[in-house]
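User: Can you walk me through this one? I'd like to start with a strand.

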Amino acid sequence: MAGSMDSGTIAVIDYGMGNLRSVSKALEHVAGGKPVIVTSDPAVVAAAERVVFPGQGAMPDCMAELDARGLRAAVLQAAREKPFLGICVGEQMLFQHSDEGDVPALGIFPGNVVRFPDDRMALPSGERLKVPHMGWNEVRQTPHALWNGITDGARFYFVHSYFVQPADPALVKGTCDYGVPFTCAVGRDNIFAVQFHPEKSARDGLQLLKNFVEWHP
Amino acid sequence: MLAKRIIPCLDVTAGRVVKGTNFVDLRDAGDPIEIARRYDEQGADEVTFLDITASSDQRDIILHIVEACAEQVFIPLTVGGGVRKVEDVRRLLNAGADKVSMNTAAVQNPDLVFDASSKVGSQCIVVAIDAKQVAQGRWHVFTHGGRNDTGLDAIEWAKRVESLGAGEILLTSMDRDGTKNGFDLALTRGVSDAVGIPVIASGGVGNLQHLADGVSEGRADAVLAASIFHFGEYTVRQAKEYMAARGIEVRL
């Protein structure tokens, strides 16, 4: 294993917010033998070739745990210099502020995280749209290497009550619709981040993860 | 548009999938991982494992099944049965479950719903409600496989668990479960219209029309079935094609 840290390691950042097994197993499935390491060690994150930043649960807890484990600096550095994939709350945390718990986030991207608006959560038929937005929804793509081999409009698995509103439209790499249109994928340079769960999105989700593993931004 | 979900349910005991009627006459339906993988290939939107193990010394078997499943099946996995403490929830999530379902323990200790959802997030917490009709338009929550009437009104209980932090409700009609006569649509619609979280309809599916009715008339966000899929009567894909032909949004 010595020396393997600079030879293709994929670090999945663990800050204690739930199960990362699905993410790491899905990555292993497509990584072609590259090591996948679930870690809360900033040194391992710094040495990795690429970094996956998942997240689940409530945003204030995620931010608190990230700081409690001394991982903020490692995340910020990885987001500056290597292929970086944010998932779910790991996408939301890249922005400036979240309405969930009214907390500041990492501020890598301009914009905020907001909740599905209660007054729009109904279909014309009168049927109520439930929150969390849970299940498989269609994603409209903006061209990006991570969509390679995935049909525009393909469905991915979502489970969330909040979503990002980027202040810069150039960040938007995918959109979805649930009561309101919303951004579900963002990217810039070496960073790509999604609101849905590629690790739970069957074949298309695995394809996106494979694209990330092979991505050279 | 968000697709309505079709969820095959696997009753698991001693490491095998079984299916019976009213908890008797269990028939062996196979290896849980193999079956989950087959459903994934057919386009299932999620898979639910229900651990119906009676003895506590076999409880850990389900953890190994969940672990193995998470390595091979890349769709959401819900696990229920025997969940009594936040620690049980954590262990199942750490093994690879995406959601954990609680039933009797939530009735006996509603704080469990609040504590668990506070710790791991509402999106991971499913409350299973077993309901039985007690009068026209009225259903009570039952526990212990339908033997024990808690006296709780099913619709009021659904609203309560939503306020405690449940992220989803798995609603089973005890009157219909195992009958193949279709969902209790009045119950399903009553609960689904009363809460702002997704509702999974369960109990009574005997054909594809029943699944479609659960969504269009019952207004369920997802439909769950076991035996019609296990014994090869229908594939999940056939169910989806049937629903799509009736104008229901599904993932094909």
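**Strand S10 of chain B**

Analyst: B:Glu168, B:Leu170 and B:Thr172 point one way from S10(B), B:Ile169, B:Leu171 and B:Ser173 point the other way, and all are buried. Buried means under 20% relative accessible area, exposed over 50%, partly exposed in between (1.4 Å probe, protein chains only). Strands (E, at least two residues) and helices (H or I, at least four) are DSSP runs, numbered from the N terminus. This is a predicted model: local features need pLDDT of at least 70, side-chain atom pairs count only at pLDDT 80 or more, and totals for chains, interfaces and linings use all residues. Residues are numbered from 1 along each chain as its sequence is written, chains are lettered from A and ligands numbered from 1 in the order in which they are written, and side-chain values use heavy atoms, without hydrogens and water.

User: Why the two directions?

Analyst: In a regular strand the side chains alternate between the two faces of the sheet.

User: How many bridges join S7 to S10 in chain B?

Analyst: Six, and the two strands run parallel. Pairing takes at least two DSSP bridges. B:Ile129 has B:Leu171 as its bridge partner.

User: And S11(B)?

Analyst: Four bridges join S11(B), residues 199-202, to S10(B), also in parallel. There B:Ala201 stands opposite B:Leu171.

User: Switching to chain A. What helices and strands does chain A have?

Analyst: Six helices and 14 strands. Of its 217 residues, 60% are buried.

User: What is the radius of gyration of chain A?

Analyst: It is 17 Å, which agrees with the value near 17 Å for a compact globule of 217 residues. The radius is taken over C-alpha atoms, and the globule rule is 2.2 Å times the number of residues to the power 0.38.
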